[in-house]
Amino acid sequence: MAGLSRRNFLSRGSMTVVAAGVAGSMPAIATTATSAAPEASVALEEGSALEGPLIAQVTNLQQGAISLFSGEQEFQIFDRDLAAKLFNAIK
Amino acid sequence: MSSHREAPQISKDPTADSSDLYAFVSPDDPSTVTLIANYVPLQAPDGGPNFYEFGDDVLYSINIDNDGDGEANIAYHFRFTTVNNIPGSFLYNNGPITELTKPGTAGSNWNRQQTYHLTRVDFHKNGKKTSTVLGKSILVPPCNIGPRSTPDYENTFLPSSGKSAVHSFDKDGYSGKVFAGQRADAFFVDLGSVFDLGTLRPFQNLHLIPSAAAAGINSLGGSNVHSLALQVPIEELTHKGHKPSDPESPHAVIGVWTTASRQKIRMTAASKKGEDTGTGPWTQVSRLGNPLVNEALIGIEDKDKWNAEPPTKDGTRFFGYFANPLLAKLLNVLYPGVFPNLASYIKKNHGTTPSKPGRPDLVAILLSGIPAGIVPGFRTNGGDALADMLRLNVAIPPSSDPDSLGVLGGDLAGFPNGRRVGDNVVAIELRAIAGATLPLVDPSYTPDGAASLLTDGTSGPDALSAFPYLATPYSGYATPDTTPVGHTG
């Protein structure tokens, strides 16, 4: 997973979570007001930058299964906290 | 096209819709094999202002299995790039396009232009793969618009000498020719009648809903396609690089299929130019081996899935469609009393499992290949795989007098031994499904007389005698959509 880490993904400073698919309804994307966003709890490595879209799909909320798409690759991670945060963000 | 708009999803995605696949020992150079995969079906030649093109966001592949396990040993990948050379112009071209020039050439009138990279991928048994770039930024000729925009089309863009859209390559031990661009569609079929409840115009007087017999009408007469064509030495495709001479050797058989893939995630109008963008792994959306399989055998509810699966799934998930095809049963309903022997056979033989298929002949033709010993000096079975692949026996030389009925007509160089441009695959498969090939596996079966006569009554344009074999694309100016040309069979 060169160039892609959970820290990159969690940062709100430089990207928008484009598609967090949850089975069922998908409301219109609400803007996250970055000025009101809390400090990131995970620091980015210096020089980190997105080179293209980074897309997340929550495939199983209870298991915390998240598919990540970047470039020509797909990654799968399991993180229940992250899945819960994403789900809560769209409620 | 033997697989045009054949599934619900791909019918909405013509750029990735594989329509025909041809594989044959080249008649003008029998040391080579020609592979042709057609996409973007049903092109009206006058389809401007945005004429047809390959997809920059599609991975096109021609795949070869040379050890009979149904998995690709070799793949040729095509990736396209499109540029607009003349900012601000709404036109495909601002004046006559009189030569094949690189994008951005000063003075060129060519605005919307495509090039492509060709890569050969070799898949190894240890799971690794080797990629060899055989050509970069190879030029695609323009669509055939008309005498003012693309004058003297064939001599301009595929001349016998000079700069041509036919590109020769020789890289790291791999050599051959490649072409990608618009050509005349060589497939012929009476779509209007065939999909009107299986009507064959020459026999419609015998149909359940009869009318007077009539000549077939080639629905594709006057239509163009986009072709990916390769001609490579036989030994660059075969198992261990051999050049087989024994047509009864399993190593003489290669299996071929074409696929188109898109990236898994598609974001609409996401680029600065308002184009869709793709992210994630390449995901297969279209597949074609033998003609007419997904079109006429696979149920609608499974067609999209079939397009997304590899050929190795055919022996399990989709086997029943080959073993007990609905079309055979429909022939008896739609043409009452014409196929009594077939009707009787189907009543007793309708198994859907490999251990007891209802139609072992169709399984052999389309899924396993015909084993040695059935037809003297012939086989298309190269291994144990039950997989829909166009199987070509490279040890059988081209015929000096091709019969469009292929093996059914006594011509062992024709379909289902690969597929040549002129093979009448509609008639061949209709006759096979009607029982004409059952005696190969059941000598006690006598086909109905009508089985050996079935045809939709159409024929297609003559093939060229040399690569890329498909004829000059129809001109938009000369072939407007409202005035069909060449539609009579």
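How many residue pairs are in polar contact between chain B and chain A? The count is four, with both residues of each pair at pLDDT 80 or more. A polar contact is a pair of N or O atoms within 3.5 Å; within protein, one atom must be able to donate a hydrogen and the other to accept it, and residues adjacent in sequence count only if both atoms are side-chain atoms. Strand 10 (253-267) and strand 11 (277-288) of chain B each supply at least two residues of the side that touches chain A. Helices (H or I, at least four residues) and strands (E, at least two) are DSSP runs, numbered from the N terminus. The residues on this side of chain B comprise four nonpolar, three polar and two charged. Here Ala, Val, Leu, Ile, Met, Phe, Trp, Tyr, Cys and Pro count as nonpolar, Asp, Glu, Lys and Arg as charged, and the others, Gly among them, as polar.

The model is predicted: local features need pLDDT of at least 70, side-chain atom pairs count only at pLDDT 80 or more, and totals for chains, interfaces and linings use all residues. Residues are numbered from 1 along each chain as its sequence is written, chains are lettered from A and ligands numbered from 1 in the order in which they are written, and side-chain values use heavy atoms, with hydrogens and water left out.

The model scores ipTM 0.83 and pTM 0.91. Confidence is given per residue as pLDDT (the predictor's confidence, from 0 to 100). Chain B averages a pLDDT of 95, and 98% of its residues score at least 70. For chain A the mean pLDDT is 72, with 58% of residues at 70 or more. In chain A, residues 1-27 have pLDDT below 50; this stretch has 48 contacts in the model beyond near neighbours in sequence. Contact means heavy atoms within 4.5 Å. In chain B, pLDDT stays under 50 over residues 482-489, for which the model has 16 contacts beyond four places in sequence. Where pLDDT is low, the predicted coordinates should not be read in detail.

At the interface, nine residues of chain B are in contact with nine residues of chain A. About 750 Å² is buried between the two chains, and carbon and sulfur atoms give 67% of that area. Buried area is the accessible area (1.4 Å probe) that two parts lose on being put together, summed over both. One salt bridge is found across the interface. Lys264(B) forms a salt bridge with Glu74(A), with the closest N and O atoms 3.1 Å apart. The criterion is a side-chain nitrogen of Lys or Arg within 4 Å of a carboxyl oxygen of Asp or Glu.

Over all chains, the structure holds 17 salt bridges. One of them joins Arg262(B) and Asp57(B), at 3.0 Å from N to O. Arg262(B) lies in strand 10 and Asp57(B) in the loop between strand 2 and strand 3 of chain B, so the pair ties together parts 205 residues apart in sequence.

A cis peptide bond joins Gly48(B) to Pro49(B), with omega about 0°. The bond from Phe467(B) to Pro468(B) is also cis, with omega near 10°. Pro468(B) lies in the segment after helix 9 (425-436) of chain B. Leu197(B) has a positive phi of about 55° although it is not a glycine. Leu197(B) is placed in the loop between helix 2 (191-194) and strand 9 (224-233) of chain B.

Glu154(B) is found in helix 1 (residues 153-157) of chain B. Not counting residues up to four places away in sequence, Glu154(B) touches Pro159(B), Arg183(B), Leu464(B), Thr472(B) and Pro473(B). With Thr472(B), the side chain of Glu154(B) makes a polar contact of 3.0 Å.
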